[in-house]
Amino acid sequence: MLVKKGAPDPLPEELYLRCVHCGMCVRTCPLFQETGLEMDSPRGRVQLLRGFSLGELAATPGLFRTIWNCLDCRACEAACPSGVRPGALVEKARDRLGRLEKRPGAGILLRELAMRFLFPYPRRLELAGRFLRFYQRSGLRTAARRLGLLKLFPPAVREMERILPAVPARTARAILARADKNGEGGARAGNGRTAGLFLGCVMDVLFAGINLATARLLERHGFRVTAPAGQVCCGALHLHNGNRAGAVKLARRNIDAFLAAGVDCVVTNAGGCGAALLEYPEILAGDPVYADRAREFARKVIDIAELLAQTGFVPPRGSFPHRVAYQASCHLKNIMGVADAPKRLLRQVSGLTLLEMPDEARCCGGAGIYNLTHPEMAGALLRRKMADIPPGTEVVATGNPGCLLQLLHGAEKYGPPVQVKHIVEILEEAYTAGEHK
């Protein structure tokens, strides 16, 4: 057990000194709502980390537990009247604490392997997707279940395996690259602007259809769409899990790729990715080469719903005749500041009835891979989220792939048996229905 006092280097004072212990953050914290423990509240974590940074507290297992239990949903930052940033403080602390303790566990091992050897490499991700598709379509999946081979994996991994969507044959990266090469892309009625589509890592392997639908949606609104070939994972998983150096490397590659492409905007359809992209200026603040470039890049980053709401949304001619509840992605609302735009778009779809979900932005428990590393707490949060779905809801809409997967899991395990769709999928169905009239 490690009892060394003080951090390897102090945490930034501006992240904790402004805290006046008012408790505004406590009311918004999903973890505190479940446990009722002060050390599980943002205010409690801030004080613990302040003591650790000043050398007043030892790096005990209790401190590690408190810091790694945080969902990093940033609801506390959105609520804080003093501008304290508990989420940013936790991320920096994880980077420091990661040098002091290596935490065991199958979920942790899977996370580390994915973070270091898979997510930063698009080609490896594509190969992993092909394997998953083969596993799903060849009979291996059925055989593995019948033989009980999945019991070799942690329960959380087994549960997620059940609800993985059908992996598409090709990634959007490959399809859009071919379209660019053949000159097949482009706007239907040009507005003179070029949108750089950020594809993500897991997003493009599991949800390539959403990326392609996003590209078509942009073209419908006059944008020329390009997906720069040099882009990589946004680095969110690295930032949230104490590998800041890995996030910095990925940030530099993405900045180079999109600025070289000369795009007018960098469009995301994943709240978690968009939030990470917006924080590039912070993680590269001391970089003499990339600090200014990071700020230039971040000024271009925008969520697809916000972009359409700003530039003039053209409602689809077709309808989507369903009762829909909107679940807001934590990072989309708390960091990107996108709250009303998705609902404004949905309200303009013919036949769609939008139902209000209570506390729509409270974390569903997905939180990156929190559902793998903290399955019990993630399950409790998911049960509460599913219980909040209004009666009569047929479809739950969201703007983040992690939320989408977690809600699919909730619909299967806890009910109600709703469909779960990305907002882009709903718009695509309505546009397609209108074109077939």
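Phenylalanine 153 is partly exposed, with a relative accessible area of 41%; here buried means under 20% relative accessible area, exposed over 50%, and partly exposed in between (1.4 Å probe, protein chains only). This is a predicted model, in which local features need pLDDT of at least 70 and side-chain atom pairs count only at pLDDT 80 or more, while totals for chains, interfaces and linings use all residues. Residues are numbered from 1 along each chain as its sequence is written, and side-chain values use heavy atoms, leaving out hydrogens and water.

## A surface patch

You will find phenylalanine 153 in the loop between helix H8 (140-146) and helix H9 (155-163). Helices (H or I, at least four residues) and strands (E, at least two) are DSSP runs, numbered from the N terminus. Together with Leu147, Leu149 and Leu152, Phe153 forms a nonpolar patch on the surface, with about 460 Å² of accessible area for the group. Such areas come from the Shrake-Rupley method with a 1.4 Å probe, and for residues only the protein chains shown count as cover. Patch members have over 30% relative accessible area and no salt bridge; nonpolar side chains (Val, Leu, Ile, Met, Phe, Trp, Tyr) are joined within 5 Å, and like charges within 9 Å.

## Two helix pairs

The axes of helix H22 (residues 375-387) and helix H23 (residues 401-413) come within 10 Å and cross at roughly 75°. That makes H22 roughly perpendicular to H23. Contact, meaning heavy atoms within 4.5 Å, involves Ala378, Leu382, Lys385 and Met386 of H22, with Gln406, Leu407, His409, Gly410 and Ala411 on the H23 side.

Helix H12 (residues 208-220) and helix H18 (residues 304-311) pack at an angle of about 10°, their axes 11 Å apart. H12 and H18 are therefore roughly parallel to each other. Thr214, Leu217 and Leu218 of H12 meet Ile304, Leu307 and Leu308 of H18.

For both pairs, axes are lines fitted to C-alpha atoms, for helices over the stretch in contact, and angles run from 0 to 180 degrees between N-to-C directions. Angles under 35 degrees count as roughly parallel, over 145 as roughly antiparallel, 65 to 115 as roughly perpendicular, and the rest as oblique.

## A buried isoleucine

Isoleucine 389 sits in the loop between H22 and strand S7 (395-398). With a relative accessible area of 8%, isoleucine 389 is buried. Setting aside residues up to four places away in sequence, isoleucine 389 touches Met357, Val396, Pro416 and Val418.

## Salt bridges

Side chains of opposite charge can pair when their charged atoms come close. A salt bridge is a side-chain nitrogen of Lys or Arg within 4 Å of a carboxyl oxygen of Asp or Glu, and the count by this rule comes to 28.

| Salt bridge | N to O distance |
|---|---|
| Arginine 74 and glutamate 91 | 3.0 Å |
| Glutamate 161 and arginine 141 | 3.2 Å |
| Lysine 421 and glutamate 429 | 2.9 Å |

Arginine 74 counts as buried at 2% relative accessibility, and glutamate 91 does too, at 4%. Both belong to a network of salt bridges that links Asp72, Arg74, Glu77, Arg85, Glu91, Lys92, Arg244, Glu279 and Glu282.

Glutamate 161 and arginine 141 are also buried. In the remaining pair, lysine 421 counts as buried at 14% relative accessibility, whereas glutamate 429 is partly exposed, with a relative accessible area of 35%.
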